[in-house]
Amino acid sequence: MRLLSDVERSAAAGDVRELITSSGQTATLLRKQAGENLYSSDEGEFAEVCTFALEFVATPPVDIAKRADALACVPPELDVRVEDRVHIHGRDFRVQTVSPQSLFGVVTHKVLELVALHGC
């Protein structure tokens with residue numbers, strides 16, 4: 001037995017999408033260019049993939065070794081990957097984790113943990 005009908009599942013995903021876009025925030029997704037990567041270095045050329053809507057929340061840097069500097073909620077279809085970069089408010093962040101969020105079987109959005117890149 002399914003808890004939500006197809007219409008309810010679609011409505012739930014649509015409602016979350018509307019909440020994300022109503023924040024009025026956008027960012028640029030950057031991805032490392034293919035090429036030589038010495039020992040998984042964070043250096044290299046990053047190219048713009050797309051501009052996307054998000055809800056961005058800066059978190060206080062309590063313990064930089066164990067916490068993210070910011071969280072972002074993004075639409076579920078965004079092709080975002082760990083180690084991509086997000087450029088928002090004039091700052092660059094590395095995507096630390098990507099966690100799809102579901103509501104009774106429908107992925108409504110993804111939550112990104114972001115780490116600020118200093119000197120970028």
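Predicted model: local features only at pLDDT ≥ 70, side-chain atom pairs only at ≥ 80, totals over all residues.
Modeller: Here we go, from the overall fold down to single residues.

Biologist: Good to know. How many helices and strands does the protein have?
Modeller: There is one helix, along with six strands. Along the sequence the pattern reads α-β-β-β-β-β-β.

Biologist: And in what order do the strands close into a barrel?
Modeller: The order is β1-β2-β3-β6-β5-β4, with antiparallel pairing. On average, neighbouring strands of this sheet are turned by 45° against each other, ignoring direction.

Biologist: Where does helix α1 pack?
Modeller: Helix α1, residues 6–22, packs on the sheet and touches β2, β3, β5 and β6. Its direction makes about 30° with that of β6.

Biologist: Let's zoom in on a strand pair. How many bridges link β3 and β6?
Modeller: Five bridges, in the antiparallel sense, between β3 (residues 70–74) and β6 (residues 106–116). As an example, alanine 70 has leucine 114 as its bridge partner in β6.

Biologist: New topic: threonine 108. Is it buried or exposed?
Modeller: Threonine 108 lies in strand β6. It counts as buried because its relative accessibility is 6%, and the cut-off for buried is under 20%.

Biologist: Which side chain does the side chain of threonine 108 join through a polar contact?
Modeller: That of histidine 109, at 2.8 Å. Leaving out residues up to four places away in sequence, threonine 108 also touches Ala12, Ala13, Val16, Pro76, Gln101, Ser102 and Leu103.

Biologist: Now the loop between β3 and β4. Is glutamate 77 buried or exposed there?
Modeller: Exposed, since its relative accessible area is 52% and the cut-off for exposed is over 50%. The C-alpha atoms of glutamate 77 and lysine 110 are separated by 8.7 Å, though these residues are 33 apart along the chain.

Biologist: And aspartate 6, where does that lie?
Modeller: Aspartate 6 is in helix α1, and at 52% relative accessibility it counts as exposed. Between the C-alpha atoms of aspartate 6 and valine 106 there are 9.4 Å, with 100 residues separating them along the chain.

Biologist: Last bit, whole-protein numbers. What share of the residues count as buried?
Modeller: Of the 120 residues, 34%. The accessible surface is about 7,700 Å², and carbon and sulfur atoms account for 53% of that.

Biologist: And for contacts between residues at least 6 apart in sequence, what share join residues at least 24 apart?
Modeller: That share is 54%.

Conventions:
Residues numbered from 1 in each chain as written. Heavy atoms only, no water. Pairing = 2+ DSSP bridges. Helix = DSSP H or I, 4+ residues; strand = E, 2+ residues; numbered from the N terminus. Axes fitted to C-alpha atoms, helices over the stretch in contact; angles between N-to-C directions. Contact = heavy atoms within 4.5 Å. Buried < 20%, exposed > 50% of the residue type's maximum accessible area, 1.4 Å probe, protein only. Areas by Shrake-Rupley, 256 points an atom, 1.4 Å probe, with all protein chains shown as cover. Polar contact = N/O pair within 3.5 Å; in protein donor to acceptor, adjacent residues only side chain to side chain.
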